[in-house]
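Welcome, and please have your viewer ready with the model loaded. We will go from stop to stop, with something to select at each one.

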Amino acid sequence: MITDVKAIRARARQHIQDGAITSSYNADRGTVIKLLNEALATEIVCVLRYKRHYFMASGLMADAVKAEFLEHANEEQAHADRIAERIVQLGGEPDLNPDVLSKRSHAEYVEGSDLRDMVKEDLVAERIAIDSYREIIDYLGDRDTTTKRMMESILAQEEEHADELADLLDGWTGK
């Protein structure tokens, strides 16, 4: 059931400067923006780690693994872009200050000593993102369904990344 259409129309004209955020938005925007900036930092740190691993990969299995690193880096960048856009929609500013990105990131930037170690560290980072994003989704609940759906979509891709990396580790010769 939709409430009185006249009332919806009247409310839409109030606080028009708030754009997509209407009076029916129930989340604490400041908290959501803070959580999203932490997720943004996590994604950027993951992009940088995957890119390093892509360029540093060497050895017998390097070509196949490099392709996976590059694909994941590009997908993490797309996640970062979506999160930054949502922060702006909510009236916030994406914090891309390089001096604090690694401090806000939930995942760590671990270079890895060899190809297998790089895959392992990327898997650890994906697992951290999975748990962090689940907590964000749980916090959002029904208070901000747009952000929740976005984070659920990103979470699904993070789970796919983790599965692919786990498969790479499982298939490693000399496991």
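Before selecting anything, here is how helix packing is described on this tour: axes are lines fitted to C-alpha atoms, for helices over the stretch in contact, and angles run from 0 to 180 degrees between N-to-C directions. Two packed helices are described by the angle between their axes and the distance between the axes.

A word on the model itself. This is a predicted model, in which local features need pLDDT of at least 70 and side-chain atom pairs count only at pLDDT 80 or more, while totals for chains, interfaces and linings use all residues. Residues are numbered from 1 along each chain as its sequence is written, and side-chain values use heavy atoms, with hydrogens and water left out.

**The whole chain**

Start with a cartoon view. The protein has 6 helices and 0 strands, where helices (H or I, at least four residues) and strands (E, at least two) are DSSP runs numbered from the N terminus. The order of elements from the N terminus is α-α-α-α-α-α. The C-alpha trace spans about 70 × 35 × 20 Å along its principal axes. Of the 175 residues, 41% count as buried; buried means under 20% relative accessible area, exposed over 50%, and partly exposed in between, with a 1.4 Å probe and protein chains only. Among contacts (heavy atoms within 4.5 Å) between residues at least 6 apart in sequence, 80% join residues at least 24 apart.

**The core**

Next, select L36, F69, I83, Y133 and M151. These are the residues with the most contacts inside the largest nonpolar core, which has 41 residues. Such a core is a set of buried Ala, Val, Leu, Ile, Met, Phe, Trp, Tyr and Cys residues joined through side-chain atoms within 4.5 Å. Two or more core residues come from each of α2 (29–56), α3 (62–89), α5 (115–140) and α6 (145–170). The biggest contribution is that of α5, with 10 residues.

Now zoom in on L36.

**α2 with α6**

On the α2 side, select V32, L36, A39, E43 and Y50; on the α6 side, T147, M150, M151, I154, E158, H161 and L165 make the contact. By class, the residues of this contact of α2 with α6 are 8 nonpolar, 2 polar and 2 charged, with Ala, Val, Leu, Ile, Met, Phe, Trp, Tyr, Cys and Pro counted as nonpolar, Asp, Glu, Lys and Arg as charged, and the others, Gly among them, as polar.

**α2 with α3**

The angle between α2 and α3 is about 160°, and their axes are 8 Å apart. α2 and α3 are therefore roughly antiparallel to each other, and their crossing is left-handed. The contact of α2 with α3 has 16 nonpolar, 5 polar and 5 charged residues.

**α3 with α5**

Keep α3 and bring in α5. This pair packs at about 25°, with axes 11 Å apart. α3 and α5 are therefore roughly parallel to each other, and α3 passes α5 in a left-handed crossing. Select A62, V65, F69, H72 and E76 in α3, which meet L115, M118, V119, D122 and E126 in α5. The contact of α3 with α5 divides into 6 nonpolar, 1 polar and 3 charged residues.

**Two histidines to finish**

Select H161 in helix α6. Is H161 buried or exposed? With a relative accessible area of 0%, H161 is buried. Beyond four places in sequence, H161 is in contact with Y50, H72, E75, E76, H79 and E126. The C-alpha atoms of H161 and L123, 38 residues apart along the chain, are separated by 7.8 Å.

Finally, go to H106, in the loop between α4 (101–104) and α5. H106 is partly exposed, at a relative accessible area of 27%. Leaving aside neighbours within four places in sequence, H106 is in contact with E38, T42, I128 and S132.

Notes. Angles under 35 degrees count as roughly parallel, over 145 as roughly antiparallel, 65 to 115 as roughly perpendicular and the rest as oblique. A crossing is left-handed if the near helix is turned anticlockwise from the far one by less than a right angle, and right-handed if clockwise.
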